[in-house]
Amino acid sequence: LLVDIAKELHVSVSKAGLLVSAYAMGVVIGGPVMTLLTLKFPRKQTLIGLICLFVIGNILCALSPSYPFLLAARLLTATCHGTFFGIASVVATQLVDSKHKTLAVALVFLGTTLANMLGVPIGTAEGFALGWRSTFWSIAALGSIAILGLFLGLPNNLPPTRAHAGNEFKVFQKPSVFIPLLLSALVNGGLFVVFTYITPLLMTVTHVPQHHITPILLILGAGLPIGTLLGGKLGDKALIPSLLTLFPLLLALLLGIHIFIPKEIPGVGVLFLWNMITFTIAPILQVMVVNNAAEAPNLASTFNQSAFNLGNAVGAWTGSILLAHQMNYIDLPLVSMFFIGTGWLLVLIYAKWVQQPAETA
C-alpha cells in the first residue's frame, strides 16, 4: 500500500517506506519496556490488554490526517507487538508437554505466517479497491476478534513471571543467546530490504499489471505456513545443521531473484521459495533463544521479536536510502545477500565455538 499512501499524504515512496521502519523500531524499543512493565501481571489479562492497544493504534492509523500523525500512530501500535509475541511464545510452551514445545512456538509463528499469507494480498486488494485507510479499519476489526478469542480460549490461571527484571537481563551475556538474536535481525533485515518494496518491484521490473499483484502475493504467502511448520520440525531435530544448510540456500535464492525477476513465472517461483525458506529459519531462531535463555524466557523471547523488527527497520530503511540514491529495484536482492551472508558467517562461528551438545541433534 506504500504507493497509495505516498500519493495521498504527498510524500515519496521511499519516505512512505519509513513507516515500516518506524513500526519496527517501535517494536524494538517498546517491546522490552512493555515486557518489563507487565512482568508481574497475569498473562491472560496482559495479552488481552496488548491487543486492545493494538486495535486503538490501528483505528488512529485509519483516521490519520497527515504523514506525521500516521507515523505516530504506527509507533503507538508497535509498542504492544513485541511483548505480545514474546509472551505468547512462552505461554504456548506452558500449555503443552515438553515434547511439543518447539511445535508450540512454531504454531505461534504460524499465526503470523497465515496472517501474511492472507492479510497481505487481501489487505492489498482492499486498499486498491477501497483505499488504504479501509485496510487499517479491517485490521482493527480483526484485532477485536482476537480479543474475544483470547478471552474465551486462554485459561485464567496463567501465572505472572516470578523473575526479577535485573536478573532477566543477565541472560544476554551468553553468546548462545545474543548470537541467535543477531541472526534474527539479519534474516529479517534481508527479508525487508526486498519485501517492503515487493509491489513496485513487481510492477516496474517484472511489469506485472496491478490486478495481478494480489494473486501473486497470495501465491508467495502460501510458502509461509509451509516454511514455518518445516522450521518447527527441524527445530525439534537438528537446529544447527539445519541453519548451516538453510543460509547458503537462501543466498542462492536471492541471487535467483536478481536473475529471474524480469520474467513473471520464474521470478514468482523463486520469490515463493525465498519466502518459504526465510520463514523456515524464523521459528528455529526463536526456539534457540527460548532454549538458551530458560532463566529469563519472557524478556529473551520479547527481545527476539525486537531483533526481528530491528531487522525489519534496518532492511526497510536500507532499501529506502538506496532507492532514494537511484538504486534499481532489481538490485535489492543483492543488498539482501549482504545481510544473509553475514548471518551465515555467524552460524559458522556458532557451530564451531558456541553450540551446546543438545543443539547438534
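**Overall size.** I began with the radius of gyration, taken over C-alpha atoms. For 361 residues a compact globule would come near 21 Å, and the protein chain has 20 Å, so the two agree. The globule rule I used is 2.2 Å times the number of residues to the power 0.38. Along its principal axes, the C-alpha trace spans about 50 × 45 × 30 Å.

**Ground rules.** I kept in mind that this is a predicted model, where local features need pLDDT of at least 70, side-chain atom pairs count only at pLDDT 80 or more, and totals for chains, interfaces and linings use all residues. Residues are numbered from 1 along each chain as its sequence is written, and side-chain values use heavy atoms, with hydrogens and water left out.

**Fold.** Next I looked up the secondary structure: 15 helices and 0 strands. These are DSSP runs numbered from the N terminus (helices: H or I, at least four residues; strands: E, at least two). I then turned to contacts, meaning heavy atoms within 4.5 Å. Among contacts with a separation of 6 or more, 83% join residues 24 or more positions apart.

**Surface.** I found 55% of the 361 residues buried (under 20% relative accessible area; exposed is over 50%, partly exposed in between; 1.4 Å probe, protein chains only). The protein chain exposes about 15,100 Å², and carbon and sulfur atoms supply 73% of that area. Areas come from the Shrake-Rupley method with a 1.4 Å probe.

I picked Thr-228 in helix H11, residues 210–237. Thr-228 counts as buried because its relative accessibility is 0%. Leaving aside neighbours within four places in sequence, its contacts include Ala-106, Phe-109, Leu-110 and Thr-113, as well as Phe-279, Thr-280 and Pro-283. Then I went to Ser-242, which sits in helix H12, residues 239–260. Ser-242 is buried too, at 7% relative accessibility. Not counting residues up to four places away in sequence, Ser-242 touches Leu-234 and Ile-284.

**Cysteines.** How many disulfides are there? I got 0, taking a disulfide as a pair of cysteine sulfur atoms within 2.5 Å. Cys-52 is in no disulfide, and its nearest cysteine sulfur is that of Cys-80, 9.8 Å away.
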